[in-house]
Amino acid sequence: VTPKHTKHSHFYKKNDMCEEEKMQLAKAQRTKNLLLYLYCFLTTSLVGGTIYGYPALRRQLIHLGSTIPEKKLGAAYTAGAWSVQGGRLVFGILRDRFGTRLIAQVSFLCVICGAFGIAFQSVSNEIALGVNLFLLGLGSGAQLCVQPVAQLFPKNSALFMSGLSGAFQVSGVVYAVLVGIAKKTSEEGELTVAYGGVFAGAVGLMLALAFWTLPKSASFIHEKDLKAAESAENVVDPIDGTFTVHLSGKEQMWTKEYVGLVLWFTVLVTPFQYYVGSIGWHLERLGDDDGTMTNAFAMVYGLAAFLAPVGGMVADTFGLGVTMAFASIAVGSSFFVLELGGASIELEVHSVGLVLYAVGRLIVFAMFFSSIGKMFGYKYYGLLVGWGMFVSAVFSTLQYPLIAIALDGDYAISNYACGVGCLSAVSYCAAMYRWEKEGSTAFDRLKYKKVLV
């Protein structure tokens, strides 16, 4: 063997070792990313949308002798549902400004305060119930903080974002689980043990783990990669003498794509809130005297989370527009099932409507969050999601008059209005489909612009 050949052999051997080390490092980093995603999933499952398990809590309060009138129970639920939506604006802006870890922990503290409040309040105090549900609803701030973890999986961002929406759906089962725990204790201590002990303790554990898991900054991208991306934006184009900069959050908010997305989401959110706030009463009207179907709703709502990856894969394969249209139609149909069937069919048949609602709602939230990430990136993710949630929260207060109309006996008006509203949202889905057909760079104009030197 010649010395030259030996030298080349050492070079290739060294090069192979470098490639192997890179593969090992990449594998280790992916494992770390998946563990971080698991923490984010569990966090969202615990506090993201706990308020939507309200039907189970409502029955528990009635069982414990609550004398709060049905309309005031609906008002307390409205306060909690509003904080889930509206509170995200504050948490989104704070996340962008102060980072992920700190603001997520603030959200956890709000939930713990709400849990202790429910644990020790009087079951007939509607004001305390409204305040405590409002605090529990602020757990959605933690979900907003951890959602950008999807940045770590750019090739399957819709899939991983949909997974977190599935976790949000799972959190709606928390009340049903707590009711089960409560029944194993004395009646006097039901709320104290379930909410002040088990639930508050679990949230406290997540708060502590955040010190080791969540990044201090607003981005989940590693600092060196983030700096490389930012430096790439400032490279001058030698042809036209311009350089690329990221659009400001304000500029992104005034694009027709963002305004349309928020309108689509807002039109759907009010029916969502009305359905959860009134489904227990509707099922009792249809003959659910022992609460079997109400409990079934909680289970269906949570089990729908298993379809979240399917929704994400459909969005990654066929596009956001197609998936959004399916979700809008599914949710709208649930109101027609609830109304058109009436008392003339078996109660169990209404499980079809429960499934349509749970699956459709899951996908709507997943597509809203995925659309913001895909179209606008994650630099101002908290601001854009927060404003969308706030606008939808303002209009979602219409759920209370809708609930009141239903309780007064005119439930057909509320149900038909919600069903038609959901179906009308399909028009935006068609626009989204057309934009996506422009190609993989269709949304670059919503993230960057060229500026003369």
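Predicted model: local features only at pLDDT ≥ 70, side-chain atom pairs only at ≥ 80, totals over all residues.
Residues are numbered from 1 along each chain as its sequence is written, and side-chain values use heavy atoms, leaving out hydrogens and water.

**Cysteines**
- The disulfide count by this rule is 0.
- Cys110 is buried at 16% relative accessibility (buried means under 20% relative accessible area, with a 1.4 Å probe and protein chains only).
- For Cys422, the closest cysteine sulfur is in Cys418, at 6.6 Å, which is too far for a bond.
- Cys422 is also buried, at 0% relative accessibility.

**Helices α3 and α5**
- Helix α3 (residues 70-98) and helix α5 (residues 126-137) have axes that come within 7 Å and cross at roughly 20°; helices are DSSP runs of H or I with at least four residues, numbered from the N terminus, and axes are lines fitted to C-alpha atoms over the stretch in contact, with angles from 0 to 180 degrees between N-to-C directions.
- The two helices are therefore roughly parallel (angles under 35 degrees).
- Their crossing is right-handed, the near helix being turned clockwise from the far one by less than a right angle.
- Residues in contact (heavy atoms within 4.5 Å) include Leu73, Tyr77 and Trp82 of α3 and Leu129, Leu133 and Phe134 of α5.

Note on methods: Parallel < 35°, antiparallel > 145°, perpendicular 65-115°, else oblique. Disulfide = S-S within 2.5 Å. Buried < 20%, exposed > 50% of the residue type's maximum accessible area, 1.4 Å probe, protein only.
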